[in-house]
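Subject: Structure handover

Hello,

Here is the structure for you to look through.

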Amino acid sequence: MVGTHHPRRLTVELQRINDYVWEIPRQGGMRVPGRIYASEKLMAELRDDPALEQVANVAHLPGIVGHALAMPDIHWGYGFPIGGVAAVDAEEGAISPGGIGFDINCGVRLLRTALVADDLRVHLDRIADALYQAIPAGVGSEGAIPKLTRAEEKQMLARGAAWAVAREFGRTSDLEATEEGGCLRAADPDAVSDTALERGRSQVGTLGSGNHFLEVQRVDEVYDARAAAALGLAAGQVTVMIHSGSRGLGYQVCDDALRTMGRAMARYGFSMPDRQLACVPLGSPEGREYFAAMAAAANFAWTNRQVMSGLAERVFATALGLGPAALRFGLVYDVCHNIAKLEEHAVDGRRRRVCVHRKGATRAFGPGHPALAAHLRPLGQPVIIPGDMGRYSFLLLGTAGAMAETFGTTCHGAGRVMSRAQAKKAGRGLDLVAELARRGVIVRAQSLGGVAEEMPWAYKDVADVVEVVERAGLARRVAKLKPLVVVKG
Amino acid sequence: MVTRARDPGPFVREIEHTADLGLEVEAPSLPLLFERAGLGMLALMIDLAAVEPRERVAIALAADDREALLHDWLQHLLVRLQAGPFAMSELAVEEVSERALRAWGAGERVDRARHRLYTEVKGVTYHQLALRETAGGWWARIILDV
């Protein structure tokens, strides 16, 4: 049943800076102005959305520098908008779990293969079934990794993706193609609560539900052949994309921190317009503890995606009777889009150490950045932007523009335009699986309701979002990828 | 009093929220509101019709205020479902004050062969969380991250 909801709708004052940038001037308790990257078309859809007010709320964060930013896939979230970015001073700033989200290090990875899509077509149904069987969704399912002991789980949280590689899921070279090498060193497994540990123990290598997916794709269009070749990609090739996060462990780390910080923030003299934006100084005991637990949850997510990559590779090997040399699975890149990271950026003409909150936003470091592995440094950081399951996704590269304007950040996806209830209503009476098959997409999903919520009409066209970030200089397009198989929890 | 998943519903109304899932709940009494909110949320995640009340668990919670108590109650049921994994199809809130709650729930371990699972709720947010006394009883709004 769908009721009518009337959230408090402040009409936020908005000034247009240029074709793709809009500013919310400082007012009230805002410490910095807000800036939204959007085309006129996307802004027209946003004008009455509570997400704009949320950008203004984020600008209240103690220690925030530059602007409270929003990417063109911005939509209404809880606390921060989705697509929100805030950098705070590393010494004096505040950390806010609501600026990262429940699904810590929710992210996307793109794997290349040596397979050609046209040759694979006859095998796709079988591969879809086998992937659906091999990649457990979550609650109550038997994972590929048996329930870990506490000690094993803590080791995994400290080591991140390398823990999975040591267990023969993927290969060492994958780590170079993962943000932070798949491990945030700040992780402290002892900062993670027993409840969070319990929620994570049986979930390594599980996909989850909602918008999480595993896709088999075809490289549909290449915009920069040289960059694509450097990343091992060419038109017609088969890729695999995985979108998942830190599962129950990360969700619990967020909940634990919100409770602690909700109580502690008054002690630090902080007050925020939304309880979900609870925050404490980064250097406080509560701030340090959250950062260490968040880093551990991020490591869980990288391990999770690394395990699922290995599972997918095994499915292809078995289904096609091919060995690793013929399949040539390899990671193009793995990005996180819900995270806080300590980074150095130029702010008002000087280098500053800041903590960048990215909630539904992707790091997009430009060419030459020292954090990138040697093979990526000349190109810039690969950025993976999943679209809805019926259309296409994009591979982009980070730019100098993103470094200058957005703390090295770009968008993360298409962004919803319809609530889940509306999307279900729009899909009523339609055979959704047949509708997707008509578009050339084979779907395997646990719940048809889940498919309805994620149908293409529920999302903005990701091409519109990508066009804005490219024109605004926050990333550039390398390739477009079309789904052939979608597996959902 | 006990609220059972098979009692006539709906216990909650889904409200429009672009990214997440919002619920509105009404009830003549506060314990009933907690029971309805709990079953309403669990029913988003699992088909409660197939969950038998085989085993009873006691739940006691304390929080800083009534809204936080509602948050913690839902979060508790969510964690039991995901970590147990234990689903409850009967809830009885025996006592609820401004800052504490005593209740029991009855259900069983999740068995994927018998139980249909739906959306996974990641967390119960504090965003726009509201719990108010009305002319007819109690009203609450909860936004879940899905």
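Start in chain B. B:Phe34 touches B:Arg66, B:Leu69, B:Leu70, B:Trp73, B:Val93, B:Val96, B:Leu101 and B:Leu131, leaving out residues up to four places away in sequence. Keep in mind that this is a predicted model. B:Phe34 sits in helix H1 of chain B, which covers residues 30–45. Its relative accessibility is 0%, so B:Phe34 counts as buried; the cut-off is under 20%.

Next, the packing between chains. Helix H10 of chain A (residues 247–264) packs with helix H2 of chain B (residues 66–83). The angle is about 160 degrees, and the axes are 12 Å apart. Angles over 145 degrees count as roughly antiparallel, so H10(A) and H2(B) fall in that class. The crossing of H10(A) with H2(B) is left-handed. From H10(A), the contact uses A:Tyr251, A:Gln252, A:Asp255 and A:Arg259. From H2(B), it uses B:His71, B:Asp72, B:Gln75, B:Val79 and B:Gln82. By class, that contact has two nonpolar, four polar and three charged residues.

There is also a helix pair within chain A. Helix H4 (residues 124–134) and helix H11 (residues 285–320) have their axes 10 Å apart, at an angle of about 140 degrees. H4(A) and H11(A) are therefore oblique to each other. Their crossing is right-handed. H4(A) contributes A:Arg126, A:Ile127, A:Ala130, A:Leu131 and A:Ala134. H11(A) contributes A:Leu311, A:Ala312, A:Val315, A:Phe316, A:Ala319 and A:Leu320. The contact of H4(A) with H11(A) divides into ten nonpolar residues, no polar ones and one charged.

A:Asp334 belongs to strand S11, residues 330–336. Is A:Asp334 buried or exposed? It is buried, at a relative accessible area of 0%. Its side chain makes a polar contact of 2.8 Å with the side chain of A:Arg109. Beyond four places in sequence, A:Asp334 is in contact with A:Val108, A:Arg109, A:Ala177, A:Thr178, A:Glu179, A:Trp302, A:Arg305 and A:Ile384.

A:Glu454 is in the loop between helix H16 (448–453) and helix H17 (462–471). A:Glu454 is buried, with a relative accessible area of 5%. Which side chain does A:Glu454 join in a polar contact of 2.5 Å? That of A:Tyr459. Setting aside neighbours within four places, A:Glu454 also has contacts that include A:Gly210, A:Asn211, A:Asp388, A:Met389, A:Arg416, A:Arg420 and A:Lys488.

A:His369 lies in the loop between strand S14 (362–363) and strand S15 (382–385). Its relative accessibility is 17%, and A:His369 counts as buried. A polar atom of the A:His369 side chain lies 3.0 Å from the backbone nitrogen of A:Ala371. Leaving aside neighbours within four places in sequence, A:His369 is in contact with A:Arg377 and A:Met403.

Best wishes

Terms used
Residues numbered from 1 in each chain as written. Chains lettered and ligands numbered in written order. Predicted model: local features only at pLDDT ≥ 70, side-chain atom pairs only at ≥ 80, totals over all residues. Heavy atoms only, no water. Helix = DSSP H or I, 4+ residues; strand = E, 2+ residues; numbered from the N terminus. Buried < 20%, exposed > 50% of the residue type's maximum accessible area, 1.4 Å probe, protein only. Polar contact = N/O pair within 3.5 Å; in protein donor to acceptor, adjacent residues only side chain to side chain. Contact = heavy atoms within 4.5 Å. Axes fitted to C-alpha atoms, helices over the stretch in contact; angles between N-to-C directions. Parallel < 35°, antiparallel > 145°, perpendicular 65-115°, else oblique. Left-handed = near helix turned anticlockwise from the far one by under 90°. Nonpolar A, V, L, I, M, F, W, Y, C, P; charged D, E, K, R; others polar.
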